[in-house]
Amino acid sequence: MSVTGRVHSVETCGTVDGPGIRFIIFLQGCLMRCQYCHNRDTWDTEAGKEMSVEELMKELLQYRHYMEASGGGITISGGEAMLQPEFVLAMFKACRLEGIHTCLDTNGFVRKIDETTKEILNHTDLVLLDIKQMDNKKHIDLTHVSNKYTLEFAKYLAEHNQAVYLRYVVVPGITDSLKDAHSLGQFIQPMKNIEKIEMLPYHELGRHKWIEMGEIYPLEGVHAPTRETMVAVQDVLLQYHNSVIF
């Protein structure tokens, strides 16, 4: 029986979600409620289009040459990919059989690291892990959930030497505190599996989706961080890791 997943959208030649040119599957559904979410329309777990592994593989393989020539592969993102673990596992198994590099883009909100999760990671070449905020109270204010599971997941990845690109969104007034940057640096400093830290400057490109859905955009009036702010946060993180980019 074919494994299916609820898919929000597909990007055939992505260049920012993992190395090289990537076939990106954005899955439907997310339990975090990030104030700066630029994919507000992915939250509903019942929305999206149901698609099978077979039909996605058929489309993906059309771009195989571009992926292989650039050192790319497949990235499964969201929403939150780990809300559909059976589908992610089936896709990654199919890709591994084809020799295609696999990348999991996740916020780490994995409430139980079960056998399916472990098997997914066994078929994952790279994890893009978002850590939103180290201060738990601030994290709850920002996302409506605790950072407990994300930090536990990060520790699990480190214990099993899983290759990780760590992602940190810099939002003025919310995540740009140098104290918070030091907390993140201290947390990840012992982790030898983190290949680099990607600092992502907050942007307002998803604002229109909130408006179209009849909702108030939570960060109205908040604008992208200045270069000076980005450099200041980068300088802090460089004290703990030698590869911090933005």
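Visitor: By class, what residues does the lining of the second largest pocket have?
Guide: This is a predicted model. In it, that lining has 5 nonpolar, 2 polar and 4 charged residues.

Visitor: Which residues line the second largest pocket?
Guide: E80, M82, L83, P85, F109, V110, R111, K112, D114, T116 and T117.

Visitor: What volume does the second largest pocket have?
Guide: About 170 Å³.

Visitor: And the largest pocket, what is its volume?
Guide: The largest pocket comes to about 760 Å³.

Visitor: How many residues line the largest pocket, and which lie nearest its centre?
Guide: The lining counts 30 residues. Nearest the centre are H38, N39, D130, R167 and L200.

Visitor: Which strands each supply at least two residues of that lining?
Guide: β5 (101-106), β7 (164-170) and β8 (194-201) do. β8 gives the most, with 3 residues.

Visitor: What is the class make-up of the largest pocket's lining?
Guide: There are 12 nonpolar, 9 polar and 9 charged residues.

Visitor: Now the inside. How many cavities of 30 Å³ or more does the structure hold?
Guide: The structure holds 1. The largest cavity has about 50 Å³ of space.

Visitor: What lines the largest cavity?
Guide: L129, I131, A154, L157, A158, V164, L166, M191, N193 and I194. α6 gives the most, with 3.

Visitor: How many polar and charged residues are in that cavity lining?
Guide: It has 1 polar residue and no charged ones. The other class, nonpolar, has 9.

Visitor: Switching to annotation. Where does UniProt place the Radical SAM core domain?
Guide: The unreviewed UniProt entry places "domain: Radical SAM core" at residues 16-241.

Visitor: How much helix and strand is in residues 16-241?
Guide: The span is 37% helix and 18% strand. Its end C-alpha atoms lie 21 Å apart.

Visitor: Let's do T124. Where is it found?
Guide: T124 sits in the loop between α4 (115-122) and β6 (126-130).

Visitor: Is T124 buried or exposed, and why?
Guide: T124 counts as buried because its relative accessibility is 5%, and the cut-off for buried is under 20%.

Visitor: What lies 2.6 Å from a polar atom of the T124 side chain?
Guide: The backbone oxygen of I120.

Visitor: Leaving aside neighbours within four places in sequence, what is T124 in contact with?
Guide: F92, R96, T102, L104 and Q162.

Visitor: Next, H139. Which helix is it found in?
Guide: H139 is in α5, residues 136-143. Its relative accessible area is 1%, so H139 is buried.

Visitor: Which residues does H139 touch, not counting those up to four places away in sequence?
Guide: H139 touches M32, K132, Q133, H144, V145, S146 and N147.

Visitor: H144 is on that list. Where is the place of H144?
Guide: H144 is in the loop between α5 and α6. At 59% relative accessibility, H144 counts as exposed. Its phi is near 75°, a positive value in a residue other than glycine.

Visitor: Last one. Which residues does a cis peptide bond join?
Guide: G78 and G79, with omega about 15°. G79 lies in the loop between β4 (73-77) and α3 (85-97).

Note on methods
Residues numbered from 1 in each chain as written. Predicted model: local features only at pLDDT ≥ 70, side-chain atom pairs only at ≥ 80, totals over all residues. Heavy atoms only, no water. UniProt positions renumbered as here; feature names shortened; annotations may be inferred. Helix = DSSP H or I, 4+ residues; strand = E, 2+ residues; numbered from the N terminus. Buried < 20%, exposed > 50% of the residue type's maximum accessible area, 1.4 Å probe, protein only. Polar contact = N/O pair within 3.5 Å; in protein donor to acceptor, adjacent residues only side chain to side chain. Contact = heavy atoms within 4.5 Å. 1 Å grid on protein atoms, 1.4 Å probe; cavity = no way out; pocket = protein on both sides within 12 Å on 5 of 7 lines; lining within 4 Å. Points joined across faces, edges and corners; volume = space filled by probe spheres on them. Nonpolar A, V, L, I, M, F, W, Y, C, P; charged D, E, K, R; others polar.
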